[in-house]
Amino acid sequence: AKDEGGGEHCVFEPELHAMAEERRQLETSLRHALEREEFKINLQPVVDANSEAVVSFEALLRWHSPEHGFVSPAKFIPLAEDTGLVVPIGAWVLEEACRQAATWPVDAKVAVNVSAEQLMESDFAETVVRALDLSKLPPRRLEVEVTESVFVRDGHIAKATLEEILALGCSIALDDFGTGYSSLGYLRELPFSTIKVDRSFVQGASQGSRESLAIINAVVAMASSLEMSTTAEGVETPAEAKMIRDLGCTKIQGYYYGRPMPVDEARALLANPRSL
Ligand code: C2E
Ligand code: CA
Ligand code: CA
Ligand code: CA
């Protein structure tokens, strides 16, 4: 129905215009953010559900723009994906994450989020090799996190790239499981080391949703028979941590065990685990 009730649109036009303008300005700033060194990574601990020892850190990108202040990744990552800027920015995240992990006093893994757009680049595996070489980080200490969305469009390319990453000795986690594209078929695509159960299920279950609880239960059982581990995301309270442990999730990530923190704090936490 094109242009039906067209008059109504006028009400929103200035607003739409303002949003498009904001996006344009954000994009201009994003184009220069890398060279202007406006990015840093924060690291969020992931703990073993039973021992509560830190087993890995997830690298989460942070952008402080002089023009826009702190911009949430939920806002600038989609923009970076649409503009292709996620390719050089993502390469920087990989290098920085590996560089940090190589300075840690213990053998914990570092997990890096990778977008579909990065996997579509024919030289993505070389980007990973370079990050590992520069940092001297053993490949087994790098985990790549992808969402099911990477298998949707050009899924065979993403799969081939991820197979190269596996061949290097890195591991792959399936992020945000249960949201968006969910099809159990994706679990057949690759030998994921970990399935990350989305925070919405943790929240749901802790608010008494029997459906969420049943889904977490089923994912844990399925992961275990596929010899994959499970990480529950977004665990914020001791009660949620207990529930998740009782459900048999392997690992836990969330504010209860630690927020995304500056890289120096992460290193200190590994050196002195009791400070958690
Ligand atoms: P994600 O990969 O699912 O990362 C987890 C998000 O949940 C992070 O948000 C983290 O700060 C937040 N979180 C962790 N624990 C809790 C909790 O207990 N409660 C709540 N409410 N939130 C929690 P963040 O850092 O804002 O990142 C948002 C998303 O942006 C990420 O979701 C990821 O999809 C994307 N992202 C972040 N860094 C990168 C990156 O370097 N590359 C790419 N491609 N995407 C990234
Ligand atoms: Ca992630
Ligand atoms: Ca996630
Ligand atoms: Ca996400």
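Glu37 is found in the loop between helix H1 (6-33) and strand E1 (39-48), where helices (H or I, at least four residues) and strands (E, at least two) are DSSP runs numbered from the N terminus. The model is predicted, so that local features need pLDDT of at least 70 and side-chain atom pairs count only at pLDDT 80 or more, while totals for chains, interfaces and linings use all residues. Residues are numbered from 1 along each chain as its sequence is written, chains are lettered from A and ligands numbered from 1 in the order in which they are written, and side-chain values use heavy atoms, with hydrogens and water left out.

Glu37 has a positive phi of about 55° although it is not a glycine. At 70% relative accessibility, Glu37 counts as exposed; buried means under 20% relative accessible area, exposed over 50%, and partly exposed in between (1.4 Å probe, protein chains only). A positive phi, near 55°, also occurs in Asp176, a residue other than glycine. Most residues other than glycine have a negative phi. Asp176 is placed in strand E6 and, with 26% relative accessibility, counts as partly exposed.

The calcium ion (ligand 4) is coordinated by Asp176 (OD) and Asp176 (OD), at 2.4 to 3.2 Å. Donors are N, O and S atoms within 2.8 Å of the metal (3.2 Å for Na, K and Ca), and water is not among the atoms, so sites may look incomplete. The calcium ion (ligand 4) and the calcium ion (ligand 2) are separated by 5.8 Å.

Because Asp175 lies in strand E6 and Glu233 in the loop between strand E8 (229-232) and helix H9 (238-247), the pair ties together parts that are 58 residues apart in sequence. Both Asp175 and Glu233 are buried.

The calcium ion (ligand 2) has Glu58 (OE), Asn113 (OD1), Glu145 (OE) and Asp175 (OD) as protein donors, lying 2.2 to 2.3 Å from it. Along the chain these donors follow the spacing E-x54-N-x31-E-x29-D. Distant parts of the chain are linked by Glu58 in strand E2 and Asp175 in strand E6, 117 residues apart. Glu58 is buried, as is Asp175. Asp175 bridges the calcium ion (ligand 2) and the calcium ion (ligand 3), which lie 4.0 Å apart.

Glu58, Leu60, Asn113, Asp175 and Asp176 lie nearest the centre of the largest pocket, which is lined by 45 residues. The lining divides into 22 nonpolar, 11 polar and 12 charged residues. H2 supplies the largest share of this lining, six residues. Strand E2 (54-65), helix H2 (73-83) and strand E6 (171-177) are among the elements that each supply at least two.

The largest nonpolar core has 77 residues, and those with the most contacts inside it are Leu142 and Ile244. Such a core is a set of buried Ala, Val, Leu, Ile, Met, Phe, Trp, Tyr and Cys residues joined through side-chain atoms within 4.5 Å. Helix H3 (residues 86-101) gives the most to this core, with seven residues.

Notes. 1 Å grid on protein atoms, 1.4 Å probe; cavity = no way out; pocket = protein on both sides within 12 Å on 5 of 7 lines; lining within 4 Å. Nonpolar A, V, L, I, M, F, W, Y, C, P; charged D, E, K, R; others polar.
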